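Before you set up any calculation on this protein, please go through the points below alongside the coordinates.

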Amino acid sequence: MLNRRLLLSSIASMGFYAAATRVSGAAAMKPAQDGLRGTIDISGYGVAPDRTSDQSKAINRLFKEAAEKGMPVFLPAGDYRVSAITLPDTLWVSGVPGRTRLIHTGGGPFLTGEGPGKLTLSDLVFDGGGLSLGGDAGGLLHLRGLADLTIENCTITGASKHGIHAERCGGRITGNSISQAAFSGIYAVESERLAITANTVSDCGNGGILVHRWEAGEDNTMVSGNRVFKIAGNDGGTGENGNGINIFRAWNVMVSDNHVSDCAFSAIRANAATNVQISNNQCLRSGETAIYSEFGFQGAIVAGNLVDGAANGILVLNFDAGGRLATVSGNIVRNLHLDGPYVHDGAGFGFGIAAEADTVISGNTIENAPKWGLMLGWGPYMRGIVATGNLVRGAGGGCAVTVVEGAGTALIANNLFQDVKDGAILGYRWNDKATDDLLTGGSQAFAHLTLTGNRIA
């Protein structure tokens with residue numbers, strides 16, 4: 001009996017102690033929980049969701065003081081109507097995904113930020129409504145000189161220029177949904193080790209994701225795991241606009257594992273992009289060339305991509321402008337067409353893979369190319385081409401190779417050609433057919449060509 005009383009007393013004491021501990025612990029934890037939400041009371045600055053009035057002045061003051069104090073800002077769900085918001089260095093703003101909306105009221109820029117440090121924007125909606133941003137702002141989010149920029153899980157829509165204009169920035173732009181930008185979804189210029197990953201970019205007027213530099217140089221951006229679709233070329237041209245992913249003058253850039261479809265020009269276009277890697281991308285229904293490495297580059301790897309539907313498949317060109325040194329391997333290119341978005345004054349459209357200088361083309365499968373499966377060189381512009389172990393099936397001509405005087409060497413070996421209407425390997429002078437099928441004889445007349453082990457089935 002005594003033991004039972006002691007046991008009950010002990011249990012009661014333990015229960016009282018546990019309850020007291022929970023109360024004490026809850027009180028102790030409250031400031032930490034408040035800190036996770038953002039310790040600044042936004043109502044103290046006159047900021048509240050769903051007001052019909054413009055809250056720009058109050059939000060600018062809130063952001064300025066939050067950055068000075070090193071405190072995060074949490075904006076509850078609702079609409080905040082603003083313009084000309086300055087994002088100070090070290091600011092961290094978050095909201096409720098899909099429900100915290102900053103809406104542009106017009107009359108100038110929307111959100112601008114500049115500084116040598118850090119900026120974090122997460123779980124917010126930025127709605128430009130197509131309103132003018134003024135002359136100086138390049139994008140709905142116009143950001144400069146931020147070494148550690150983070151934009152994640154945000155929705156950015158209705159920009160009258162670029163969705164995000166990031167100039168001289170590092171850090172990461174990841175997991176965002178960007179749509180209905182009049183220019184491009186993301187314009188990153190003069191970047192330094194920027195990561196652009198897992199974004200969805202769609203329905204933009206002139207481009208999807210642009211990685212550019214004003215002068216050629218190291219950039220080191222990674223563009224990976226993005227979904228880009230429905231990109232128009234509203235401002236026209238012959239490739240300046242209308243590309244899903246565009247690398248211009250930026251060196252050492254990796255473009256991998258992206259899904260790019262329905263672009264007016266290229267799915268992926270690299271111009272003067274030395275040491276570019278374009279690998280394991282899905283490129284569907286491109287209006288012009290699906291994958292392009294062009295003009296003054298040295299070094300390009302184009303590997304493991306799938307191209308289905310385009311005017312041309314994969315082009316590695318412009319030896320006359322210094323474009324050289326590449327490997328094109330393990331790609332599938334299929335279902336090409338003869339029509340493009342402009343009148344072509346060169347080789348035209350309808351061929352699978354083309355290269356001009358210091359390039360190995362190996363292990364690719366090309367199917368349904370109405371003009372040529374492979375195109376090696378253009379006029380005198382060919383040097384050091386190796387085309388080996390490729391399958392070309394269903395083409396006008398299997399392989400067109402230049403036989404113009406002054407052209408450099410090409411090795412064409414161990415390729416298999418099936419259902420090639422005009423022949424397997426044909427010599428061309430520019431766009432004019434100059435030989436019969438060299439697979440059946442006559443290649444010895446061209447000292448710059450070596451043909452071995454090829455077969456037509």
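1. The largest cavity holds about 50 Å³ of space, a volume being the space filled by probe spheres set on the points, with grid points joined across faces, edges and corners. Its lining, meaning residues with an atom within 4 Å of a point, consists of Trp 372, Met 375, Leu 376, Gly 377, Trp 378, Gly 379, Ala 400, Val 401, Thr 402, Tyr 428 and Trp 430. Strand 35 (365-376) and strand 37 (391-402) are the elements that give two or more residues to this lining. Here helices (H or I, at least four residues) and strands (E, at least two) are DSSP runs, numbered from the N terminus.

2. Basis of the values. This is a predicted model, in which local features need pLDDT of at least 70 and side-chain atom pairs count only at pLDDT 80 or more, while totals for chains, interfaces and linings use all residues. Residues are numbered from 1 along each chain as its sequence is written, and side-chain values use heavy atoms, with hydrogens and water left out.

3. The residues lining the largest cavity divide into eight nonpolar, three polar and no charged. In this scheme Ala, Val, Leu, Ile, Met, Phe, Trp, Tyr, Cys and Pro count as nonpolar, Asp, Glu, Lys and Arg as charged, and the others, Gly among them, as polar.

4. The largest pocket. A pocket is an open set of points with protein on both sides within 12 Å along at least five of seven lines, and the largest one contains about 790 Å³ of space. It is lined by 39 residues, of which Thr 238, Arg 269, Tyr 292, Glu 294 and Phe 295 lie nearest its centre. The lining divides into 16 nonpolar, 15 polar and eight charged residues. At least two lining residues come from each of strand 15 (184-189), strand 18 (207-218), strand 21 (243-251), strand 24 (268-271), strand 27 (289-294) and strand 30 (312-316), and strand 21 makes the largest share, with three residues.

5. Two strands are taken to pair if DSSP finds at least two bridges between them. Strand 15 and strand 18 are parallel and share five bridges, with Tyr 187 having Leu 210 in strand 18 as its bridge partner. Strand 18 also runs parallel to strand 21, to which seven bridges join it, and His 212 is there partnered by Phe 248 of strand 21. Strand 21 in turn pairs with strand 24 in the parallel sense over four bridges.

6. Ile 247. Which residue of strand 24 stands opposite Ile 247? That residue is Ala 270. Ile 247, which lies in strand 21, is buried (under 20% relative accessible area, with a 1.4 Å probe and protein chains only), its own relative accessibility being 0%. Leaving aside neighbours within four places in sequence, Ile 247 is in contact (heavy atoms within 4.5 Å) with Val 211, Val 253, Val 255, Arg 269, Ala 270, Asn 271 and Ala 273. The C-alpha atoms of Ile 247 and Val 211 are 4.9 Å apart, although 36 residues separate the two in sequence.

7. Two buried loop residues. Asn 226 sits in the loop between strand 19 (222-224) and strand 20 (227-231) and is buried, with a relative accessible area of 1%. A polar atom of its side chain lies 3.0 Å from the backbone oxygen of Ile 196. Beyond neighbours within four places in sequence, the contacts of Asn 226 include Ile 196, Asn 199, Asp 257 and His 259. Gln 55, in the loop between helix 1 (2-37) and helix 2 (56-69), is likewise buried, at 3% relative accessibility. With the same exclusion of neighbours within four places, Gln 55 has contacts including Gly 46, Asp 79, Tyr 80 and Arg 81.

8. Further parallel pairs. Strand 34 (residues 357-362) and strand 36 (residues 383-388) run parallel and are joined by five bridges, with Ala 387 in strand 36 as the bridge partner of Ile 361. Strand 36 also pairs in the parallel sense with strand 38 (residues 410-413), over four bridges, and Ile 385 stands opposite Ala 410 in strand 38.

Methods:
1 Å grid on protein atoms, 1.4 Å probe; cavity = no way out; pocket = protein on both sides within 12 Å on 5 of 7 lines; lining within 4 Å. Buried < 20%, exposed > 50% of the residue type's maximum accessible area, 1.4 Å probe, protein only. Polar contact = N/O pair within 3.5 Å; in protein donor to acceptor, adjacent residues only side chain to side chain.
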